Amino acid sequence: MLKKRLIKLSKPSALNRFKRIKAFGPAVAAVVTIAMLSGCAALKPEKVAPFEKIYLNDAEMDLANREIEVFEKNFLLYREAASGANGGRNGGGCGCN
Amino acid sequence: MRKITLAMAAILFKTMLLFGQTTDQEYEKKKLTLQEASIVSSYYQQDGNNSAVTGGEGTEELTDISNQITIRFSKQSETGKRHDFTFVQGVDFYTSASSDNIDRIDSSPSRLDVRTYPLLSWQMTNAEETRGITANASFSIEYDYTSYGFGGGWWAQSLDKNRLFSVEAQIFLDTWDVILPEELRPPGYGSGGADDPLPIDQEARNSYNLSFVYNQVINKRMQVSLLANPGLQQGLLSTPFHRVFDRDLLVMTEELPDERFKIPLGINMRYFLGKSFIVRLHYRYYRDTWEVNSHTINAELPIKINPQLSISPFFRWHTQSAAEYYEPFAQHRPAAELRTSDIDLADLTSTYTGVNLRYQRLKGFFGVENWNMVEFRVGIYDQSRGLDAQSFSISTGFRLPE
């Protein structure tokens, strides 16, 4: 009689979970980037008068980072190899990246 | 005759009015006055088990309390040019368990450290607010690192303020105190401690950065920004007290190339959705000459509860490939000339999730009319290499009427 062996799947470890995210990551990044660039390319910039900028002038619409993010940008710079193009530092000024 | 006299009087009167009128080019001169001030404080803690001080294995426990105060003054000349002066003073208090292992005794000089960093910047804007130039100078000091920074830039925007282009150059001339792991110091070489009379070496690290930014209004609800931030670093780019173990468990110092060129490219997008939702997106691609490639996506969704209060959940995802010279603990070839086990340079993926709460009040808080804004931000950082971190920040702003 054949014994059926139950193969118990172990709970995915955190590393395995991140490996799966990482596998999809470049695809997700590419999709988001293409969507953003396509969206922007498809939209021809309009001439918006100052009195029409009620939405654009909202504090949350500012293209720059919030001031409260300054230390967050620092610790992300220290803990990862990449830097710059995000309003934060790109290297130098401290014993970090 | 009377009609001719009246006509000549009318012409003369209008001519007098013409010369008596002030032109649109005259501006009121304004003295240097305080415009706004803000304070930001942050508490950060982390833990993991891949410390570079102990070769890629060991505690990464660290706590950092950071504070920054920003003050901006402004004046205006008779020609309408505005001069803005901003002073920033930052101070960080941090404790690092891994730094305690440089000397492998409890009283290492860097167990508890303070970093202080002032910055002064100036910006001149023309009367039409279409052109400007900037300049800045900064300084930073911590127990083993001193930095002198300076930079300048130029920006221009269209009359309708729908397009803006800026370029900025920033240089940092930094100096490392070369503090080596205890067991790797030559005879007569000091520890770097304040009470140690033995000398240690100093090495330079210089950074040269350019920043290009282009902002474009797309329509009444959307605007985008393109960013490029190339940078070149030269000098001592490794961290002197990081250890590296080879496969035979022979300990060495970290050695990295003395040059690194980085090219990060980014795009920001802001979109006001409906009446109450805003979409804030950011994507960055990064590549450097150490073979690190990375992708980073930030997504934030501010929800305007009312004109004064907004809540913004956010999510950040980041992935990077390993630097060419990285190997985990005890994996390096014995003869490797360039080597690091710094987990920051490893292949990894991370997420950073949290929420931002912002409350603005024109009439001020608690009877203080100029106290206009309070903001809270909390986030949880999770990294595939086992590092976990939490961050809590608070910001408050004061604005004086112009």
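Strands S17 (residues 309-320) and S18 (residues 348-360) of chain B run antiparallel and are joined by 12 bridges; strands are DSSP runs of E with at least two residues, helices are DSSP runs of H or I with at least four, and both are numbered from the N terminus. Two strands count as paired if DSSP finds at least two bridges between them. This is a predicted model, in which local features need pLDDT of at least 70 and side-chain atom pairs count only at pLDDT 80 or more, while totals for chains, interfaces and linings use all residues. Residues are numbered from 1 along each chain as its sequence is written, and chains are lettered from A and ligands numbered from 1 in the order in which they are written. The predictor gives the complex an ipTM of 0.86 and a pTM of 0.85.

**Confidence**

- Chain B has a mean pLDDT of 91, and 92% of its residues reach 70 or more; pLDDT is the predictor's confidence in each residue, from 0 to 100.
- Two residues are in contact if their C-beta atoms, placed from the backbone, lie within 7 Å.
- Where pLDDT is low, the predicted coordinates should not be read in detail.

**Strand pairing around S18 of chain B**

- Within the pairing of S17(B) and S18(B), B:Ser312 has B:Asn356 as its bridge partner.
- S18(B) is also joined to strand S19 (residues 371-383) of chain B, by 11 bridges in the antiparallel sense.
- On that side, B:Asn356 has B:Arg377 of S19(B) as its bridge partner.

**Strand pairing around S13 of chain B**

- Strand S9 (residues 222-228) and strand S13 (residues 259-273) of chain B run antiparallel, with 7 bridges between them. B:Ala228 stands opposite B:Leu265 of S13(B).
- Strand S10 (residues 231-235) of chain B pairs with S13(B) in the antiparallel sense over 4 bridges. Here B:Leu232 is opposite B:Phe261.
- S13(B) is joined by 12 bridges to strand S14 (residues 277-288) of chain B, and the two run antiparallel. B:Leu273 has B:Phe277 of S14(B) as its bridge partner.
- The hairpin of S13(B) and S14(B) has 3 residues between the strands, and B:Gly274 takes a positive phi near 65° in it.

**Contact between the chains**

- Chain A has 2 helices and 0 strands. Of its 97 residues, 32% count as buried, meaning that 20 or more other C-beta atoms lie within 10 Å of the residue's own; 12 or fewer make a residue exposed, values in between make it partly exposed, and C-beta atoms are placed from the backbone.
- The contact takes 45 residues from chain A and 76 residues from chain B.
- Helix H1 (14-42) and helix H2 (70-79) of chain A each supply at least two residues of the side of chain A that touches chain B. H1(A) gives the most to this side, with 11 residues.
- By class, this side of chain A has 25 nonpolar, 10 polar and 10 charged residues. Ala, Val, Leu, Ile, Met, Phe, Trp, Tyr, Cys and Pro count as nonpolar, Asp, Glu, Lys and Arg as charged, and the others, Gly among them, as polar.

**Nonpolar core**

- The largest nonpolar core has 20 residues, and those with the most contacts inside it are B:Val292, B:Ala323 and B:Leu345. Such a core is a set of buried Ala, Val, Leu, Ile, Met, Phe, Trp, Tyr and Cys residues joined through C-beta atoms within 7 Å.
- Leaving aside neighbours within four places in sequence, B:Ala323 is in contact with A:Ala81, B:Trp290, B:Glu291, B:Val292, B:Thr340 and B:Leu345.

**Individual residues**

- B:Glu291 lies in the loop between S14 and strand S15 (293-300) of chain B. This residue has a positive phi of about 75° although it is not a glycine.
- B:Glu291 is partly exposed because 14 other C-beta atoms lie within 10 Å.
- A:Ala85 lies in the segment after H2 of chain A, and its phi is near 55°, a positive value in a residue other than glycine. A:Ala85 counts as buried because 28 C-beta neighbours lie inside 10 Å.
- B:Gly132 is found in strand S5 (residues 131-142) of chain B and counts as partly exposed, with 19 C-beta neighbours inside 10 Å.
- The C-alpha atoms of B:Gly132 and B:Ser166 are separated by 9.1 Å, and the two residues are 34 residues apart along the chain.
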